[in-house]
Amino acid sequence: MAMSVLEHRDQLNVQPGHLFIDGAWSDASDGGTWEQKNPATNEVVTTFAIGTAADVDRAVLAARRAFDEGPWPRLTAKERKKYFSRLVALITEHGDELNNLQTLEMGMPIAFSSLPVVSSEMAAGVFDHHAGWIDKICGSTYPTYETSPTGGDVQIMSFREPVGVVAAIIPWNAPMMLFAQKVAPALATGCTVVVKPSEFAVLTSLKLMALIEEAGFPPGVVNLVAGPGNPTGEALITHPGVDKVTFTGSRAVGKRILEASGDTIKRVTLELGGKSPSIVFEDAPSVEGAAMMAMGMVSMGISGQGCVCQTRSLVQRSVYDAFVNAAASLVGMVQFGDPFDAATTSSAIINARQLDRILGFIDKAPSQGARLVAGGDRPGGDLAQGNFVNPTLFADVDNSMSIAREEVFGPVLVAMPFDDEAHAIALANDTEYGLGAGVYTTNIARAFRVAKAVRAGTVGINEYTVWPNAPFGGYKQSGLGREGGWGSIEAFTETKSVIVGLSD
Ligand code: NAD
């Protein structure tokens, strides 16, 4: 019998999705809907309303009213924290359901969807972390620079104020965590929000929206308008009522957002793609361990469909063969299958367009001189109904090849040798991206030298994880601005200087 996820859809009682605007659920103004498929089986798991330009306008106006006239930005810190506490409790209570919905919407294997790094536990943790900032958002005081022109003393200070109405546009690959990473800091700082989830993963966003409603947030504070980039996303990023766009997604759409935001000088935070290197020295704590880490990032979990995956392995020549052999050996541990089966390790590719794109990169690489060590094809049998691609390893890659320069966003690792530290740093930085990097060495001085020399927003030394309390973002074309920790508070606030004359 062919694999199916529909039984889980029914158990989770998934209903067609609606828009949430100004505290109420509704259909799209023109009745338009979109079919969301699970990529492991290509079955339709739900339909949801596509927000039109008119719907987006209604959502932005609701957020505008809630910001300009409503209680939310004016609440005391203590009151605002109460909403967060209720929401964190609700996310925790519905944790398993949320993890299952994530598996249903984008095919993330349930074992991975339940891991703290991308699960409901992380979403709750991100809201909890930002709740802690609410009563600590503060400005500064400055010494008097010189006697004021009126001859008296002055007190100079700065306030941090919410930036206003935020458009939060999220991708499909870690939808629950990314919803939280955007909505939590916006709400903590007193902003109001219109969320647009990806058209390829709406279910966890709809559920989180329902929990926000249940937690009693005032109408208009959070609105959700689902739909594709066009018309929904375009209507949002070009709307004059939006003060800030916070976006996670591809570089191409990031560039479009920068262009569109110029009209009304919107504030913009962009978390974009990457082509992150792992730099493995011969004195790595374990060359095999580093190989497992790199190959694991592209073959386990979401099968390399992650922005921070270390997809370019730069390996010191003396341990290069050992690294390639160890990376290839991990391929046998990958288990495709029903995403709700706890034994399944790896997901399918999100959609047919992305599948074709990945296979295109794989087809082209050998003609450019890359050596195919493992994978390069698709599994057959039952799995052929889904968008699976076998984990793929190319060795002897030159950094000028497209497989080394473009973000493949799939289960593909490329390995290339380096001769010395200077060569490794030159290769690591020879990229248009700068999201992450890994350094594997037991020489502490070298570890820090390389970490300082690599132009990337997050560098892991013999370790690699993203934490909600640390700044996260990209150098170069991997993004603009930082989110996470105090970086998020800065990103969602304006600074106002206030000068007080002290003369009677
Ligand atoms: P995408 O850019 O295609 O879509 C992201 C979101 O933008 C979706 O909600 C989509 O509907 C919307 N969108 C598309 N066109 C738009 C437009 N013209 N106006 C407004 N919105 C529009 O990306 P994706 O395929 O969903 O995600 C994969 C990409 O995201 C990869 O490049 C990956 O590296 C990146 N990513 C980055 C991070 C990070 O934090 N740096 C995290 C996850 C994913």
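Let's start at a ring face: Arg 80 lies over Trp 72, 5.6 Å from the ring centre. A charge counts as sitting over a ring if NZ of Lys or CZ of Arg is within 6 Å of the ring centre and within 35 degrees of the ring normal. Arg 86 does likewise over the face of Tyr 83.

| Charged residue | Ring | Distance to ring centre |
|---|---|---|
| Arg 80 | Trp 72 | 5.6 Å |
| Arg 86 | Tyr 83 | 4.8 Å |

The model is predicted, with local features needing pLDDT of at least 70 and side-chain atom pairs pLDDT 80 or more, while totals for chains, interfaces and linings use all residues. Residues are numbered from 1 along each chain as its sequence is written, and side-chain values use heavy atoms, without hydrogens or water.

Trp 72 and Tyr 83 share one aromatic cluster with Phe 217. Rings of Phe, Tyr and Trp (its six-membered ring) pair if their centres lie within 6.5 Å; planes under 30 degrees apart are stacked, over 60 edge-to-face and the rest tilted. The count comes to 10 aromatic pairs. Among them, Phe 20 and Trp 25 have ring centres 4.7 Å apart and planes at 55 degrees, so this pair is tilted. Phe 20 is buried at 4% relative accessibility, whereas Trp 25 is partly exposed at 33% (buried is under 20% relative accessible area, exposed over 50%, partly exposed in between; 1.4 Å probe, protein chains only).

Now for the helices: α4 (residues 95-106) and α8 (residues 203-214) pack at about 150 degrees, their axes 8 Å apart. That makes α4 roughly antiparallel to α8 (over 145 degrees; under 35 is roughly parallel, 65 to 115 roughly perpendicular and the rest oblique).

How values were computed. Axes fitted to C-alpha atoms, helices over the stretch in contact; angles between N-to-C directions. Helix = DSSP H or I, 4+ residues; strand = E, 2+ residues; numbered from the N terminus.
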